[in-house]
Amino acid sequence: MSPFRIFLILLMTSAANAYEEPEYEVLQQMDDYEIREYPSYLVAETRVSGDFDRTGSAAFQRLAGYIFGNNRRITPSRADEPESVSMNMTVPVTRERIDENGKRSTVYRFVMERAYDRESLPVPNDDRVTLTEESGGRFAVLRYRGRITEERFMKYAELLQASLKRDGLPTIGEPISAVYNGPFTPPLFRRNEVMLKLAADREN
């Protein structure tokens with residue numbers, strides 16, 4: 001069974017609700033969104049040409065492959081340890097649209113377990129997968145349920161942007177899609193989020 005199929009099976013189960021996710025503090029709860037403070041955390045990421053609706057399979061195969069063993073240890077502590085590491089699933093899977101020189105691509109990210117730091121994370125065998133640190137900060141987050149398509153994501157992103165403009169909260173960068181369940185989870189039970197980073201010159 002491919003890493004992508006394993007990933008989908010794991011993420012579609014009710015156990016997905018128990019998967020580790022980045023720590024955060026809710027700073028303010030508004031009627032239609034909340035403001036969270038995130039510390040920095042490590043991610044594995046890959047970039048795929050195209051929009052949300054066409055890039056998921058390729059991105060998931062690369063990232064799921066990495067966490068399920070398509071990697072190599074930097075410095076094994078014992079001679080009998082396997083050369084690769086199988087890590088646990090985490091949530092959410094995030095994706096962010098990037099437009100460069102008229103070409104659209106999507107960056108997908110898997111959050112790394114807190115048990116690892118930059119020195120202990122295994123190295124990806126696929127050079128299209130890179131390890132990086134997300135800087136954290138304050139984010140406005142709108143939660144919604146249902147099917148995960150770029151059209152629906154943009155609808156809720158626009159709603160969040162309108163709310164933040166109403167409340168005088170400037171943002172940085174593009175809206176981020178955060179997905180907590182797989183595509184076979186009934187739409188009513190899916191947890192999806194739109195995240196927008198808030199500019200640092202405003203405090204709540």
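Colleague: In what order do the elements of the chain run from the N terminus on?

Modeller: The order is α-β-β-β-α-β-β-β-β-β-β-α-β-β. That makes three helices and eleven strands in the chain. Please keep in mind that this is a predicted model.

Colleague: How much of the chain counts as buried?

Modeller: Of its 204 residues, 48% count as buried. The accessible surface of the chain is about 11,100 Å², and carbon and sulfur atoms hold 48% of that surface.

Colleague: What does leucine 42 touch, leaving out residues up to four places away in sequence?

Modeller: Its contacts include Phe110, Val111, Met112, Tyr116 and Thr132. Threonine 132 is 90 residues away from leucine 42 along the chain, yet their C-alpha atoms are separated by 5.8 Å. For the chain as a whole, take the contacts with a separation of 6 or more: 70% of them join residues 24 or more positions apart.

Colleague: Why is isoleucine 176 called buried?

Modeller: Isoleucine 176 has 13% relative accessibility, and the limit for buried is under 20%, so isoleucine 176 counts as buried. This residue belongs to strand β10. Not counting residues up to four places away, isoleucine 176 touches several residues, among them Thr94, Phe139, Phe153 and Val194.

Colleague: Why is strand β9 described as largely enclosed by the rest of the structure?

Modeller: Strand β9 spans residues 137–144, and seven of its eight residues are buried, so the rest of the structure largely encloses this strand. Strand β6, residues 103–111, is mostly covered, with seven of its nine residues buried.

Colleague: How do you know that β2 and β9 pair?

Modeller: Two strands pair if there are at least two bridges between them. Strand β2, residues 34–38, has five bridges to β9, so the two count as paired, and they run antiparallel. Within this pair, glutamate 37 stands opposite arginine 138. Strand β9 also has six bridges to β11, residues 192–198, again antiparallel. There, tyrosine 144 has asparagine 192 as its bridge partner.

Colleague: Which strands does β10 join by bridges?

Modeller: Six antiparallel bridges join β10 to β11, with threonine 171 opposite leucine 198.

Colleague: How many bridges join β5 and β6?

Modeller: β5 and β6 pair in the antiparallel sense over eight bridges. One of the partners is serine 105 in β6, facing isoleucine 98. Strand β6 is also joined to β3, by seven antiparallel bridges, and the partner of arginine 47 there is valine 107.

Colleague: What makes asparagine 101 in the turn between β5 and β6 worth a look?

Modeller: Most residues other than glycine have a negative phi. Asparagine 101 has a positive phi of about 55 degrees, and this residue sits in the turn of a hairpin with two residues between the strands.

Colleague: What kind of peptide bond joins valine 91 and proline 92?

Modeller: Most peptide bonds are trans. The one between valine 91 and proline 92 is cis, with omega at about 0 degrees. Proline 92 lies in the loop between β4 and β5.

Colleague: How many cavities of 30 Å³ or more does the structure hold?

Modeller: There is one, and about 30 Å³ of space lies in the largest cavity. The residues lining this cavity are Phe52, Arg97, Phe153, Met154, Glu174 and Pro175. Elements α3 and β10 each give two or more residues to the lining. By class, the lining has four nonpolar, no polar and two charged residues.

Key: Residues are numbered from 1 along each chain as its sequence is written. This is a predicted model: local features need pLDDT of at least 70, side-chain atom pairs count only at pLDDT 80 or more; totals for chains, interfaces and linings use all residues. Side-chain values use heavy atoms; hydrogens and water are left out. Contact means heavy atoms within 4.5 Å. Helices (H or I, at least four residues) and strands (E, at least two) are DSSP runs, numbered from the N terminus. Buried means under 20% relative accessible area, exposed over 50%, partly exposed in between (1.4 Å probe, protein chains only). Accessible areas come from the Shrake-Rupley method with a 1.4 Å probe; for residues, only the protein chains shown count as cover. On a 1 Å grid over the protein atoms alone, a cavity is a set of points where a 1.4 Å probe fits but cannot get out, and a pocket is an open set with protein on both sides within 12 Å along at least five of seven lines; lining residues have an atom within 4 Å of a point. Grid points are joined across faces, edges and corners, and a volume is the space filled by probe spheres set on the points. Ala, Val, Leu, Ile, Met, Phe, Trp, Tyr, Cys and Pro count as nonpolar, Asp, Glu, Lys and Arg as charged, and the others, Gly among them, as polar.
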